[in-house]
Amino acid sequence: MNAAPPKPVKSGKSKSVYGPGPGEQIDERHTLSVLVDNEPGVLARVIGLFSGRGYNIESLTVAEVSRSKNQSRMTIVTTGTPSVIEQIKHQLERLVPIHKVTDLSVEGPFVERELALIKVKGTGDKRIEALRTADFFRARVVDSTAESFVFEITGSADKLHAFIDLMKPLGLVNISRTGSVAISRGAEQV
Amino acid sequence: MPRTNTLPKVKGKNIPKIASASKKMSGAEIVIEALVEQGVDTIFGYPGGAVLPIYDALFKQKKIKHVLCRHEQGAAHAAEGYARSTGKTGVILVTSGPGATNAVTGLTDALLDSIPIVCITGQVPTFLIGNDAFQEADTTGITRPCTKHNYLVKDADQIANVIHEAFIVAGTGRPGPVVIDLPKDIQFAESTYVSKAKAKIHTYKPQTKPDAGTIEKAVKMIAGAKRPVFYTGGGVINAGPAASKKLTEFVKATGHPITSTLMGLGAFPASSDQWLGMLGMHGTYEANMAMYECDVMVCIGARFDDRVTGDTSKFSPNSYKIHIDIDPSSINKNIHVDLPIIGDAGLAIEAMLKNWKKNKYKTDKAASQKWWDHINKWRAVDCLKYEKHDKIIKPQYALERLRAHLEKDQKKNKREHFITTEVGQHQMWAAQFLPFDKPNRWMTSGGLGTMGYGLPAAIGTQMGNPDGLVIDVAGEASILMNIQEMSTAVQYNLPVKIFILNNHWMGMVRQWQELLHGERYSQSYTESLPDFVKLAEAYGGIGLRAETVDELDNVIEQMLTTERVTIVDVCVAQEENCFPMIPSGKGHNEMILAADAEKFDKKLV
């Protein structure tokens, strides 16, 4: 980690044991890449940590990445004050089946992608417009009937949001999103 | 003793099945074999359907002694007391379902106080898991947030490996409780034993060696400080007796003042002039004021708990803070520190001491004298002062007399003294009035604050230290929470002494209600209490009672000579409050002393 966390902002309010906690730091969004043993209960440990300590999860994805080492990678997008983010990382590192926690938002540039499947229902002009918009966004049609499409789109969360907003007036029916997966840029193995 | 990983680290977790010529054993026999190899000689437990195969294997051997407690919570606290007083890992054996859920309080207690515990729970057979079988509970699910780690073993080949790994996880790094859930069919299944040396453990490898550069910087800060204070905690105790010795040597070399948390008492001798007493909510005035006014704070193995810091925005506002901790998540959790050092407290103190000697640092005499003059003014406040009475026993007086008799006993009998406590006013008074000169002599429930901890912990302590004198300083409310363990003490001829400061109230609750809740004493008075003397006798122990100041000395003297479990019912002043006190939401410089209590504006809080 190269950035030292800032000193907590001093709050004028009383911070009694049972009173409100420090509330004047600004929340940040961080993407964490977590290498874990692929064993039963590891996801429950991570989720339990977040819920038990009151941390936020914006999205969480997990799948096996190495069969020989029996390891999975989780990508967790979380928000919190810098001191909360630091705690999250340390608390994750404390779990026995966790090998490595990398804060991609701090370690350097990284690529973050999300995949969404989006079902749109419509006929006539709306159907044509949906198809044209999908083309601009490089969304692929993965299922089609006479009155519906299922689009597959990958990109940043912003791009997905923009596409979904445009689909709303064109007959959006259902959305299914994966949440972010991310990896650092460059040749290094992080 | 540095806690290091002794087993080889291997990548991945595919544990190969060891094909050896050794004979097949049942899973239950493997459990016993692994415990024996781990050096376990005493375990605390309670049998039941799902652990019967292990109890059967226990029956057939002589290396491990099993202590039958009367409740699984008692077994867990007994294991904690055993672990805390001996430095070894405590072992618990309980059955599935209610056995496991009853142990949960003890596990949580061990987690918060970083006590190494391995808890083996029985489980319904693997083919019944998830079927709401008889005495089934999702033990790994329930204990996940209250253990350092837990395992559900579904293959007999894994049992030995898991047990060896569990001891490493429990005992190294920041110690804590580990649960191993063993389904009954796995206990019956045959497999071969895997020795400790051949066990494959996966990723767990805590950092124990502190960074040399940071140590150098820390020592330089300490040497240059004008108003430094050492603030130590349970981490120093966990690092072993050698760490306490090095701490004493280092602190004496600097000549600086030292305070400690509730959990850290005994790491530095209380008989030293440099000792300020405990800090925090019921700490001494001099300790808290020194924390508030210091310019360099050296925190070793403590975690800035809210009972220590009070209002964090008013916590030691002008100091440079050095924090040594083996757990990186303790750094900057509650208080932002300037110089974090990750590592074992013992290794860090040793490195600091070496560095101090190497650089031939000398404490600035003039500055130190000025600082001590300051501290001595705070000491002169005499914050533990209380009004004595010529008939009614004040709880503080009872502890002062206990202390005097213990000093006499030490000279006469040369035996080691161990104090355990329950939770509440009596616990704080014990921390204030009883001095500890050695580590591992003080067993108390700090983080979780578990009423009912003291008696079973005393039993565990006595099991680990058969020649020691073990006293549970108790309250009449707390002791009733695990009173059934009297029966255990009688069964194993454990002469623990239970020194009850009986005021008929849940004293600390009553105190808060008086000071902070408009004197509305909601449910804090116990209308009917047992006759503790008869109760002791009913269990087969000895009961003594002191009702007036005149009777007290005689009763304590008698207590120290008994050879069976003894309850001493000390009838103390009912409405005594524990001072000094930092009300929650206040800073270290806003303590209320006994003398101010009358003036304390109860509407403010």
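Let's start in chain B of this predicted model, where helix H3(B) passes helix H4(B) in a right-handed crossing. H3 covers residues 72-86 of chain B and H4 covers residues 98-112 of chain B. Their axes come within 7 Å and cross at roughly 30°. Angles under 35 degrees count as roughly parallel, so H3(B) is roughly parallel to H4(B).

Who does the touching? On the H3(B) side, the contact is made by B:Glu72, B:Gln73, B:Ala75, B:Ala76, B:His77 and B:Glu80. H4(B) answers with B:Gly99, B:Asn102, B:Ala103, B:Thr105, B:Gly106, B:Leu107, B:Asp109 and B:Ala110.

Now hop along chain B to strand E15, residues 417-421. Here 5 of the 5 residues are buried, so E15(B) is largely enclosed by the rest of the structure. Which way do its residues point? B:His417, B:Ile419 and B:Thr421 point one way from the strand, while B:Phe418 and B:Thr420 point the other way.

With strand E17 (residues 469-475) of chain B, E15(B) pairs in the parallel sense over 5 bridges; look for B:Thr421 standing opposite B:Val473 in E17(B). With strand E16 (residues 442-443) of chain B, the pairing is again in the parallel sense, over 2 bridges. There, B:Thr420 has B:Met443 of E16(B) as its bridge partner.

Methods: Residues are numbered from 1 along each chain as its sequence is written. Chains are lettered from A and ligands numbered from 1 in the order in which they are written. This is a predicted model: local features need pLDDT of at least 70, side-chain atom pairs count only at pLDDT 80 or more; totals for chains, interfaces and linings use all residues. Axes are lines fitted to C-alpha atoms, for helices over the stretch in contact, and angles run from 0 to 180 degrees between N-to-C directions. Helices (H or I, at least four residues) and strands (E, at least two) are DSSP runs, numbered from the N terminus. Angles under 35 degrees count as roughly parallel, over 145 as roughly antiparallel, 65 to 115 as roughly perpendicular and the rest as oblique. A crossing is left-handed if the near helix is turned anticlockwise from the far one by less than a right angle, and right-handed if clockwise. Two residues are in contact if their C-beta atoms, placed from the backbone, lie within 7 Å. A residue is buried if 20 or more other C-beta atoms lie within 10 Å of its own, exposed if 12 or fewer, and partly exposed in between; C-beta atoms are placed from the backbone. Two strands pair if DSSP finds at least two bridges between them.
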